[in-house]
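Colleague: I am just starting out and would like a close look at one part of this model. Please pick a spot in the backbone, then take me on to the side chains around the rings.

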Amino acid sequence: VSFGLLAPTALGLLMAALLPIVAHLIRRRPENRRPFGAMLLLQRLRRRVERRRQLHDLLLLALRVLALAVLLLAFARPELRLPERESELGGSGRVVVILDNSLSMDRRESGRSAFEQAQQEAAALVRELGEGVGVAVFAAGVPEAPGVGSFSDDHGLVAGAIEALPQAEGATDLDGALTRARALLGGEPGEVVVFTDGAGPGNVGRAENSVSRLLDTGSALLPRTVGSGAPANLVVSAAAYGDGLEGGTVSFKVLNYGPAPVETPATVRLPDGAEMTVFVSVPASTDEAPGSADAAVTVPRQAEGGVAQVRLSDPDLPLDDARYFHLPRVGQTRVMLVDGDPGSSPTRSELYFLERAVAPFAGSGAALDLVAPVGALRLSSGTWRVAVLANVGDPDPLAPTLVDFVRGGGALVLTVGDNVSPSVWNGALGPLLPAPLGRARDLVSSDAETGMTLQPPDAEEDLFLPFARAGRLGFERVRTRRVFSLQPYEEGGEVHTLLRYQSGVPALVERRVGAGRVLLWTSTADLGWTNFALQSVYAPFWARALTWLGGEVGGAAARFDGVVGEPVVVPVSVAEEWLVTGPGGQRVGTSRAPGALNFVPDRAGAYAIGRPDEPPAAWVAVNVPAAESDVRPDVSLDDSRARLTPDRVARRFPLDPALLLAGLALLVGAGWIARRRPSTDVEAAA
Amino acid sequence: MEAPEVWGGALDALVQRRADLRAVQVYDRDEIGLAFAQPLRLYSPEGGADETLDPAAMRAGVREEARRFFGEVRAAMRRRRGVHVLAEAHAPLADLVANVLLGREAGEVP
């Protein structure tokens with residue numbers, strides 16, 4: 001039963017009900033004042049009359065106010081709505097059951113989720129249907145779950161399918177489920193029973209068109225609301241790594257959709273397993289917005305890169321308690337410097353200048369290990385993030401180690417010199433070189449003293465971002481007399497030229513190999529062929545290069561974000577078979593598009609992309625849809641249906657004629673009572 | 001003008017001393033008839049709050065109250081074997097004095 005007003009604004013006239021009271025309050029007193037001896041008579045009369053009139057006047061005032069209110073209410077055209085008696089379910093012979101299995105349906109009450117309650121009620125409903133009634137089942141969550149897509153009169157089978165439906169972690173797709181139901185009904189009438197919690201902003205609004213079309217066919221829409229308890233839920237709505245003390249700070253925001261303030265422990269779990277817990281006090285939700293609190297934890301000086309998480313302890317809706325975010329590698333970059341030309345004194349070492357250029361940054365950027373070529377056999381991506389191979393004459397014994405190191409996520413910097421033989425390098429380091437080496441050649445005539453200058457680098461490149469404000473032109477003062485030429489290579493894909501000389505000859509070329517990358521500097525690291533080491537940009541460039549390589553390679557360079565149930569598109573520049581591994585270690589189905597790898601995550605967590613048995617080349621941090629955490633009730637399906645087809649939802653009885661009659665009767669009654677009022681009126685002078 | 005309850009005790013004391021009681025009550029017909037045309041405020045020369053009234057609406061009531069009051073006074077006098085003489089202010093004084101001296105209850109309650 002419900003009550004409505006066709007002209008609710010008329011209720012504003014109810015203020016007129018105050019007029020009799022106001023008139024009483026503002027009565028005027030006469031000016032004429034005279035002495036009177038028989039005041040005792042007046043006082044006795046007043047007391048007598050007041051006793052008689054007290055009840056009488058109150059009754060009269062109440063009747064007049066009530067009459068006015070009733071008449072004004074009648075002008076608002078009220079009507080009584082009685083629900084239409086529902087016919088027995090299954091009367092049409094075709095019933096479609098829609099179960100909302102979106103994330104918000106995991107909300108718990110007394111240890112049982114709304115989805116479990118819906119499953120139980122839906123299965124019972126199906127089992128009670130009469131014989132011969134066809135039943136189909138669709139889920140209204142993302143990703144789509146298999147139901148019973150065609151009408152079946154095996155009610156036991158359908159009930160079993162309902163009980164087997166999984167709880168999804170994605171958004172509500174009521175519109176999609178209703179569309180599938182309409183398609184199955186094929187424009188003929190049927191009955192569609194929808195089990196949903198009605199939570200989440202906009203879900204019903206987005207489905208309104210489908211509801212309208214369904215009702216237009218003469219079908220009945222029968223919403224069944226489950227989980228109607230007071231909304232309560234905590235969620236981490238955002239989390240991100242940023243600068244700060246020690247190794248930086250993880251900042252996150254906690255929202256409270258419940259009516260009471262909450263203090264909850266929040267644990268930040270890093271990819272290497274380290275955990276930090278803080279307590280967060282979150283205020284209660286208001287009508288306008290959920291309660292919100294910001295919190296932060298400090299990250300240790302050393303931490304592995306990957307996908308980290310912030311996890312709450314919230315029994316109301318456990319599925320949205322974790323928020324996943326990317327964490328870059330934190331801490332010093334350990335660099336192995338392999339000196340292929342140590343020279344007769346330290347100052348004649350191939351790496352003398354590079355070592356000194358980077359050393360001042362060791363406290364914050366790089367920890368250096370200077371070794372002879374044989375020492376590079378110890379190289380592993382688990383210990384070193386970057387290796388610099390400088391003018392090594394015979395890299396052949398090192399090649400397998402170097403290839404494993406790079407493919408496993410390490411970064412390798414190659415510099416050349418007089419010790420380098422193109423044929424030896426091409427043979428040993430072929431899988432790593434951006435392009436096969438050609439011959440060593442002079443960039444300028446032998447009698448020239450200065451050498452050829454570099455073109456200024458592209459400030460848009462990540463590597464050169466620190467030089468965008470200043471220092472970029474310093475590269476133009478680098479003069480090089482001799483380089484190794486490169487055999488023709490195709491720009492793009494794996495190989496990318498980062499620096500060129502004025503003549504266009506490549507100076508610094510990058511190649512992505514497996515999970516790592518290789519940088520080839522086509523000249524010497526010392527002063528042998530170039531004056532680079534004497535230029536102001538030398539130290540900041542190598543400091544930046546080693547930090548960039550150490551922090552960004554190892555899979556951390558490729559970071560993507562995703563939402564459960566929505567396609568994740570990962571740009572892939574190689575033709576190799578990448579695999580996607582889900583948070584539970586399960587293999588995730590993928591599809592390929594030109595230059596891209598697609599997959600749809602079905603649960604929140606860290607998804608790794610890469611080759612088998614290698615560190616991931618990319619990470620995807622997948623979170624649940626934010627709207628599902630908002631468990632406050634929105635527009636209900638009942639309201640939507642009633643608005644679209646009011647006559648089919650309720651019988652309506654206009655109340656204004658009866659109220660008009662009642663108001664008039666009250667006025668007449670008040671008049672009659674007023675006439676029977678005690679005739680002596682001490683107050684009537686007003 | 002006071003209610004019999006106020007002065008009744010004093011009369012009782014006189015009765016116990018075997019005194020003869022004679023009460024003369026004089027009223028103004030215009031006064032108890034509220035001979036005013038417009039609403040007005042009345043006050044007692046003996047003090048107290050004003051009374052606001054509409055003479056037309058109260059006229060009958062005041063007259064009735066006066067009749068009731070005179071009746072109460074007369075009854076109080078009778079209970080004490082006294083004589084109550086009620087007289088309009090403009091009535092002949094000789095009749096009034098004669099009634100008092102002869103101990104004749106007189107004067108109709110208006």
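Modeller: Let's start with B:L34, which is buried, its relative accessible area being 0% (buried is under 20%, exposed over 50%, partly exposed in between, with a 1.4 Å probe and protein chains only). Keep in mind that this is a predicted model, where local features need pLDDT of at least 70, side-chain atom pairs count only at pLDDT 80 or more, and totals for chains, interfaces and linings use all residues. Residues are numbered from 1 along each chain as written, chains are lettered from A and ligands numbered from 1 in written order, and side-chain values use heavy atoms, without hydrogens and water.

B:L34 belongs to the loop between α2 (29–32) and β2 (40–43) of chain B; helices (H or I, at least four residues) and strands (E, at least two) are DSSP runs numbered from the N terminus. Although B:L34 is not a glycine, its phi is positive, near 50°. B:R18 also has a positive phi, about 60°, without being a glycine. B:R18 sits in the loop between α1 (4–16) and β1 (22–27) of chain B, and is exposed, with a relative accessible area of 77%.

Chain A has a backbone feature to show you as well: a cis peptide bond between A:V142 and A:P143, with omega about 0°. You will find A:P143 in the loop between β7 (134–139) and β8 (148–152) of chain A.

Now for the rings. Rings of Phe, Tyr and Trp (its six-membered ring) pair if their centres lie within 6.5 Å, and planes under 30 degrees apart count as stacked, over 60 as edge-to-face and the rest as tilted. This gives 15 aromatic pairs over all chains. One of them is stacked: A:F464 and A:F541, 5.9 Å centre to centre with 20° between the planes. A:F464 is in the loop between β23 (452–453) and β24 (479–480), while A:F541 is in helix α10 (residues 538–552), 77 residues apart. Both A:F464 and A:F541 are buried.

A:W521 and A:F532 have ring centres 5.0 Å apart and planes at 40°, so this pair is tilted. A:W521 lies in strand β28 (residues 516–521) and A:F532 in the loop between β28 and α10, so the pair ties together parts eleven residues apart in sequence. A:W521 and A:F532 are both buried. These four residues belong to one aromatic cluster, together with A:F467, A:F475, A:Y538 and A:W542.
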